[in-house]
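Please walk through this protein model with me, one piece at a time. Keep the structure open beside the text.

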Amino acid sequence: MEKLIDEKRQGTALKRQSEQGNQRKLYIESYGCQMNFSDSEIVASILSEQGFNTTENMQEADLVLVNTCSIRDKAEQTVRKRLEKFNAVKKSNPKMKVGVLGCMAERLKSKLLEEEKIVDMVVGPDAYKDLPNLLQEIDEGRSAVNVILSKDETYGDVAPVRLNSNGVTAFVSITRGCDNMCTFCVVPFTRGRERSRDPHSIIAEVKGLWEKGFREVTLLGQNVDSYLWYGGGLKKDFKTASAMQRATAVNFAKLLELTALAQPKMRIRFSTSNPQDMTMDVIETMARFPNICNYIHLPVQSGSNRILKAMNRLHTREEYFALVDNIRQLIPDCAISQDMITGFPTETEQDHQDTLTLMEYVKYDYGFMFAYSERPGTMAARKLEDDVPEATKKRRLQEIIALQRRHSLYRTQQHLGSTAEVLIEGPSKKSGAHWMGRNTQNTVVVFPKEHYQVGEFVNVKITDCTSATLLGTALGHSDNN
Ligand code: SAH
Ligand code: F3S
């Protein structure tokens, strides 16, 4: 199953319960990565203090915000089409103001005001705390822009309002930005330098979620394995940290341990792991704690050493295999998923074959696969010609998607006859009589509702599957309730 995480995903309008006394109405849509959805919850929290309740109806909104993605050209085009739609709505709702948030805001800055006349406000991912001031500007009829990137984690002290929440699973952001500089990637430019968040505030947020009934958290960052708190969180300044700070620093393995110990019944997931930053102590910590889920999103992008080098991915195909072997040795039933890019500049048929054989070796549980899209300002755009024809990129993409589908089916079939602990998230999309939840590997499990409730851990006997979903029947509550 190829789940595309940005442009294919419908922008989601977010709703929440009304805050009493709030008069103004906010409509907010999010595109792109999980971090954007998490950021929108922070934005809604900041604006709730400014008298805004969220609405799902754009027609009645005073403020319409779109939290945007720049990762591929298509993601940006999707947002531009939405802005046209906002334009049409504004004709019947002239009071509405429009703001662009997120990576497109950061990449295009005030150019967006010129190119898209509907836009009143442009706010980069680190500037949401300035929204009250920016709102005042637009209320007074001026346009407003803040795209300053920060050196601090920025939002550790904002309690996100959980938008569109199932009340069971939540995202908790632990790092912002990325220092890896993969040559194809716009994220280091739009989200700035890598900063980690104080572990105390992370653990306090997870505790608060547990008390509200949440049973699963996903620790979020562009590159979680490089999490590092030493009293400060700016990664590039760690080299100037004192001996004392170094000795007491909290790395990702330690953060996982602290979180798992603080909330022993809370399921813990994390995303995303860059192979070059993932260490054995993270895998060992996962193996030690039953509440850390057996699932790793481990993007590789290509199976060719030559292409990995050109992408500035700082590992080889062989090192990646060694990492996968280590994971499987310590956590035999660990699920692994991938991100893959076809048609990176200079990619040959042989390079593509290397990707297919790498996939054959790992047999990923699922993946997110994309055709290369040149992003202005990246190293690849500056140094390499985008020379693989579009048709070739697409054909290679179809080949890896087809292979992934076979591997996904192979993986789901491995579960047939076994019993899985499933956390119930809500009703199945296809049938009101069934619950939908996930097993530890993050695979969707669907089973008849009977007397079970959302938020409960249930043991489910797996009897059937597709390449994306496991089907079964509940045997009873698990010990984890
Ligand atoms: N570390 C990040 C990666 C963000 S981008 C994370 O948390 O997921 C997500 C995926 O988009 C990447 O792994 C890569 O496969 C894909 N991607 C990034 N830039 C791309 C580009 N220029 N063209 C096509 N796909 C790209
Ligand atoms: Fe992008 Fe590479 Fe960081 S894919 S988000 S630069 S790890």
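β21 (residues 457-465) and β22 (residues 469-477) run antiparallel and are joined by seven bridges. Helices and strands here are DSSP runs, numbered from the N terminus: helices are H or I with at least four residues, strands are E with at least two. Two strands pair if DSSP finds at least two bridges between them. Three residues separate β21 from β22, and the two strands form a hairpin. Within this pairing, Asn-459 has Gly-476 of β22 as its bridge partner. β21 also pairs with β18 (residues 419-427), again antiparallel, through five bridges. There, Leu-423 stands opposite Phe-457 of β21.

A word on the source of all this. The model is predicted: local features need pLDDT of at least 70, side-chain atom pairs count only at pLDDT 80 or more, and totals for chains, interfaces and linings use all residues. Residues are numbered from 1 along each chain as its sequence is written, chains are lettered from A and ligands numbered from 1 in the order in which they are written, and side-chain values use heavy atoms, with hydrogens and water left out.

Now turn to a parallel sheet. Strands of a sheet pair through backbone hydrogen bonds, either parallel or antiparallel. This open sheet has three strands in the order β8-β11-β14, with parallel pairing. β8 (169-173) and β14 (267-271) are the edge strands, each with a single partner, so one side of each has no neighbour in the sheet. On average, neighbouring strands are turned by 25° against each other, direction ignored. β8 pairs with β11 (residues 216-220) over five bridges. One of the pairs is Thr-169 with Glu-216 of β11. Helix α1 (residues 34-48) lies across β8, β11 and β14 and runs at about 90° to β8. Axes are lines fitted to C-alpha atoms, for helices over the stretch in contact, and angles run from 0 to 180 degrees between N-to-C directions. Contact means heavy atoms within 4.5 Å.

What follows β14? The loop between β14 and α10 holds Thr-272. A cis peptide bond joins Ser-271 to Thr-272, with omega about 10°.

Next come the helix pairs. α10 (residues 280-288) and α12 (residues 317-330) cross at roughly 20°, and their axes come within 10 Å. Met-280, Ile-283, Glu-284 and Ala-287 of α10 meet Leu-323, Asn-326, Ile-327 and Leu-330 of α12. By class, this contact has six nonpolar residues, one polar and one charged. Ala, Val, Leu, Ile, Met, Phe, Trp, Tyr, Cys and Pro count as nonpolar, Asp, Glu, Lys and Arg as charged, and the others, Gly among them, as polar.

α7 (residues 199-211) packs on α9 (residues 252-262) at about 30°, with axes 10 Å apart. From α7 come Pro-199, Ile-202, Ile-203 and Val-206; from α9 come Leu-255, Leu-258, Thr-259 and Ala-262. Seven of these contact residues are nonpolar, one is polar and none is charged.

Finally, which residues lie around ligand 2? Among them are Cys-178, Cys-182, Cys-185, Gln-222, Asn-274 and Arg-313, where a residue counts if one of its heavy atoms lies within 4 Å. The shell has seven nonpolar, three polar and one charged residues.
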